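Dear colleague,

Please find the structure below, together with its sequence.

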Amino acid sequence: MDSIIVRGNGPLSGQIPIAGAKNACLALMPATLLSEEPLTLTNAPRLSDIRTMRQLLASLGAEVTELQEGKVLATSCHGAINPVADYDIVRKMRASNLVLGPLLARLGHAVVSLPGGCAIGARPMDIHIDALTALGAEIELKEGYLHAKTRGGLKGAVHEMRFASVGATENFLMAAVLAKGTSVLKNAAREPEIVDLAQCLRAMGAEIEGEGTSTITIQGVDRLHGATHPVVTDRIELGTYMLAPAICGGEVECLGGKIALVESFCEKLDAAGISVEETATGLKVKRKNGRVKAVDVVTEPFPGFPTDLQAQMMALLATAEGTSVLEEKIFENRFMHAPELMRMGARIEVHGGHATVHGVEKLKGAPVMATDLRASVSLILAGLAAEGETMVSRVYHLDRGYERVEEKLRAVGAHIERVQGE
Ligand code: EPZ
């Protein structure tokens, strides 16, 4: 297993290009199951999770070809489709459950393994099941697999979700576009990745209104055609790299960034003494003056503060002036990075969904272990500002969601290198 070594090296400067969004691409790729015609995704990120989705789609009978070194994904699904999403692939990546809606819409039946829990939470699928059941699906759990079928296909319906789940909204959208009649989803998730999926489906001939709001209306159509769609910028990768100059000092421009993608995050950065300026090409980030100030953070569904930036924000607040309280409201177990930051000298108390961070002057390098995707990058950020050397192990977590992290950070002056594992 590879590790990454980081040495604190003072202020950073330069530009970091932000890739297409992992969490958008993982929803866009299954949309290929909805049509016999090709779907081409441009600005695709090159990540191990994207390769896992490619493997899953291939097992279902779809073709996914990487072009331009993986930045373009040519997908199509015109042959026979296997309705079974196997546990061996699904257990590697939860987002595999995003084939359930499209398979049901295309075939009228599907057998999809339940992904099971992960490091950050139990992650049940009850909201997905309720939403698809509202469209007329009959879903039964047998030996760890969801067996779903319809009688005469899916039918439009009005459904209100108990929580604005991102994945359930995406599954409902991809099911309702081919359902008979009109569907209305209330308390829908509003994330930019949802908007991106709706725009792609519309380019394929779907009739959708209201994406980005809490109420989405879908008029079912008989068939969808092919399309080409650019994957939206990765707002979580963007937020992560915006924190690099905030933690180390200096000035960095994140190319492709837009404030609209990270507004609530920028409000917290502003309160912490970090300036964010939108330029023609991206977002320029630097400290206003002196030490970062403590701020309180509560994670919420979009447009609230993203849970996927909570760990990285904790790394910033570990050396802030004063005490910050972070409340994690989305996942029940998403403070695994705290004990690792404490190995670097951070002062953090975790009680259930609250973490109290007493800022210290300086962190010290130490060997630390990545426990999940966002925790891993928060340790790298902390290492960039720490005295001495930090060795982050188990970075396979990182490769799931960040492409070429060492190159991107080295380009702005960081001391960072990957150590190949056995
Ligand atoms: C998406 O996960 C993202 N993943 C996550 O990013 C992100 O943290 C999350 O949305 C919230 O923003 C992808 O898009 C691939 P949810 P998803 O359904 O769809 C509970 C990363 O780091 N819930 O909105 O799984 C659930 O357990 C990843 O890139 C149910 O209880 O998130 C969680 O506590 C991590 N029942 C909460 O809702 C359900 O049926 C939010 O889940 C569904 C969800």
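**Helix H4 and its sheet**

Helix H4 (residues 100-107) lies across S7 and S9, running at about 160° to S7. Axes here are lines fitted to C-alpha atoms, for helices over the stretch in contact, and angles run from 0 to 180 degrees between N-to-C directions. Helices (H or I, at least four residues) and strands (E, at least two) are DSSP runs, numbered from the N terminus.

This is a predicted model, in which local features need pLDDT of at least 70 and side-chain atom pairs count only at pLDDT 80 or more, while totals for chains, interfaces and linings use all residues. Residues are numbered from 1 along each chain as its sequence is written, and side-chain values use heavy atoms, with hydrogens and water left out.

H4 is mostly covered, with 6 of its 8 residues buried (under 20% relative accessible area, with exposed over 50% and partly exposed in between, for a 1.4 Å probe and protein chains only). These buried residues are Leu100, Gly101, Pro102, Leu103, Leu104 and Ala105. They pack against helix H2 (48-60), S7, helix H5 (126-134), S9 and helix H6 (166-176), where contact means heavy atoms within 4.5 Å. After H4 comes Gly108, with a positive phi near 85°.

The open sheet of 4 strands has the order S6-S7-S9-S8, with mixed pairing; two strands pair if DSSP finds at least two bridges between them. Strand S6 (84-85) and strand S8 (138-142) stand at the edges with a single partner strand each, so one side of each is left without a neighbour in the sheet. Strands S7 (residues 109-113) and S9 (residues 145-149) run antiparallel and are joined by 5 bridges; Val111 has His147 as its bridge partner in S9.

**A hairpin and a buried leucine**

Strand S4 (residues 63-67) and strand S5 (residues 72-76) are also antiparallel, joined by 5 bridges, and Val64 is partnered by Thr75 in S5. The two form a hairpin with 4 residues between them, and Gln68 in the turn has a positive phi of about 45°.

Leu39 belongs to strand S3 (residues 39-42). Why does Leu39 count as buried? Leu39 does so because its relative accessibility is 0%. Leaving aside neighbours within four places in sequence, its contacts include Leu73, Thr75 and Cys200. Leu39 and Cys200 are 161 residues apart along the chain, yet their C-alpha atoms are separated by 9.2 Å.

Yours sincerely
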